[in-house]
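Please keep the sequence and the 3D view at hand as you read.

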Amino acid sequence: MLTIEHLRFQRDEFELAADFSLAEGTRAAIIGPSGGGKSTLLSLIAGFDLPDKGRVLWDGEDMGLLAPGKRPIAVLFQDNNIFPHLDILTNVALGASPRAWPAAAAMERAREALSQVGLAGFEGRKPGVLSGGQQSRAALARILVTERPVVLMDEPFAALGPAMRAEMLELVVRLLPEATILMVTHDPEDAKRFATQVLFVNEGLVSLPTGPAEFFAHPEGAVAEYLS
C-alpha cells in the first residue's frame with residue numbers, strides 16, 4: 001500500500017496538503033486545474049522534493065530518507081527521458097542497469113521489453129528517427145525493466161493524438177497489471193478509460209481517492225467547474 005500521511009509542502013505562497021492511501025495495484029488518475037499541485041504531488045512521492053511535514057510510505061516503510069533512485073518507484077515524464085545519442089535498446093536497458101555500459105542481462109531484458117511494447121526490430125534506432133508514439137513505447141519499455149512496484153506518470157502521452165493515447169493507456173494496463181500507478185492527466189476521458197481511482201487536486205488540496213463512476217456521475221463545486 002502507498003500511504004501519503006499528513007503530507008504538507010510549502011514554497012512561497014503555494015501549499016500542498018495530502019493525506020490518502022492507495023492499495024497495491026491501484027491505477028489512480030490525478031486531475032485538476034493547471035498549477036493546482038498535481039506534479040508537485042508526484043515529485044514529493046518520488047523524492048525529488050521533500051515535504052515540510054508528513055511521510056510517504058510504501059508497505060508501511062517510510063521512504064523519507066531514501067534518495068529518489070533508491071525508492072521502489074519508476075517515473076515517466078511527458079518528454080520520455082530518452083537520451084537522443086543512444087540507441088533505443090541501450091536507452092531501455094539503462095532502466096535495469098543505470099551505468100555507461102548496461103550489463104548483458106539488462107540488454108536482454110530490454111530486448112524482451114521492446115518486443116512487449118511492439119518495437120521488436122527497432123533496437124538499433126536512435127530516438128530521433130522514431131515517431132512520438134514509438135518514443136512513448138520505448139519509454140514504457142524502460143519502465144517495464146525497472147520492475148518497480150510504483151509507477152508515477154506525469155502527462156506521459158499528452159503529445160499524442162486521442163487514438164494513440166488510448167492505445168498507450170491500454171498497453172500500460174496490460175503490461176503493468178500489478179503496479180500501483182499514479183498518472184497526471186488533463187483529459188477526463190483518459191481518467192475514465194484508465195483509472196480505478198481518481199484524485200482531484202485543486203489549489204494545493206488533494207482529495208481522497210474516489211472511484212471514477214462516482215467521481216464523474218455528480219460533480220459539484222470545483223470539480224464541476226473544472227469539468228465544464
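## Before we start

Axes here are lines fitted to C-alpha atoms, for helices over the stretch in contact, and angles run from 0 to 180 degrees between N-to-C directions. Helices (H or I, at least four residues) and strands (E, at least two) are DSSP runs, numbered from the N terminus.

This is a predicted model, in which local features need pLDDT of at least 70 and side-chain atom pairs count only at pLDDT 80 or more, while totals for chains, interfaces and linings use all residues. Residues are numbered from 1 along each chain as its sequence is written, and side-chain values use heavy atoms, with hydrogens and water left out.

## Helix 3 against helix 4

Helix 3 (residues 104-116) packs on helix 4 (residues 132-146) at an angle of about 130°, and their axes are 9 Å apart. Helix 3 is therefore oblique to helix 4; angles under 35 degrees count as roughly parallel, over 145 as roughly antiparallel, 65 to 115 as roughly perpendicular and the rest as oblique. The crossing of helix 3 and helix 4 is right-handed, a term for a near helix turned clockwise from the far one by less than a right angle (left-handed if anticlockwise).

Which residues make the contact? Helix 3 brings Arg 109, Ala 110, Ala 113, Leu 114 and Gln 116, and helix 4 brings Ala 141, Leu 144 and Val 145, where contact means heavy atoms within 4.5 Å. Six of these residues are nonpolar, one is polar and one is charged. Ala, Val, Leu, Ile, Met, Phe, Trp, Tyr, Cys and Pro count as nonpolar, Asp, Glu, Lys and Arg as charged, and the others, Gly among them, as polar.

## Helix 4 against helix 5

Helix 4 also meets helix 5 (residues 162-175): their axes cross at roughly 15° and come within 11 Å. That angle is why helix 4 is roughly parallel to helix 5. Their crossing is right-handed.

On the helix 4 side, the contact uses Gly 133, Ser 136, Arg 137, Leu 140 and Leu 144. Their partners in helix 5 are Met 164, Glu 167, Met 168, Leu 171, Val 172 and Leu 175. By class, this contact has seven nonpolar, two polar and two charged residues.

## Pockets

On a 1 Å grid over the protein atoms alone, a pocket is an open set of points with protein on both sides within 12 Å along at least five of seven lines, a cavity is a set where a 1.4 Å probe fits but cannot get out, and lining residues have an atom within 4 Å of a point. Points are joined across faces, edges and corners, and a volume is the space filled by probe spheres set on them.

The largest pocket has a volume of about 510 Å³. It is lined by 20 residues, and Ala 74, Val 75, Gly 95, Arg 142 and Thr 146 are the closest to its centre. Strand 6 (73-76) and helix 4 each give at least two residues to this lining, which has 13 nonpolar, five polar and two charged residues.

## The cavity

How many cavities of 30 Å³ or more does the structure hold? There is one, and the largest cavity has a volume of about 30 Å³. Its lining consists of Ile 82, Ile 88, Asn 91, Val 92, Ala 138, Ala 139 and Arg 142.
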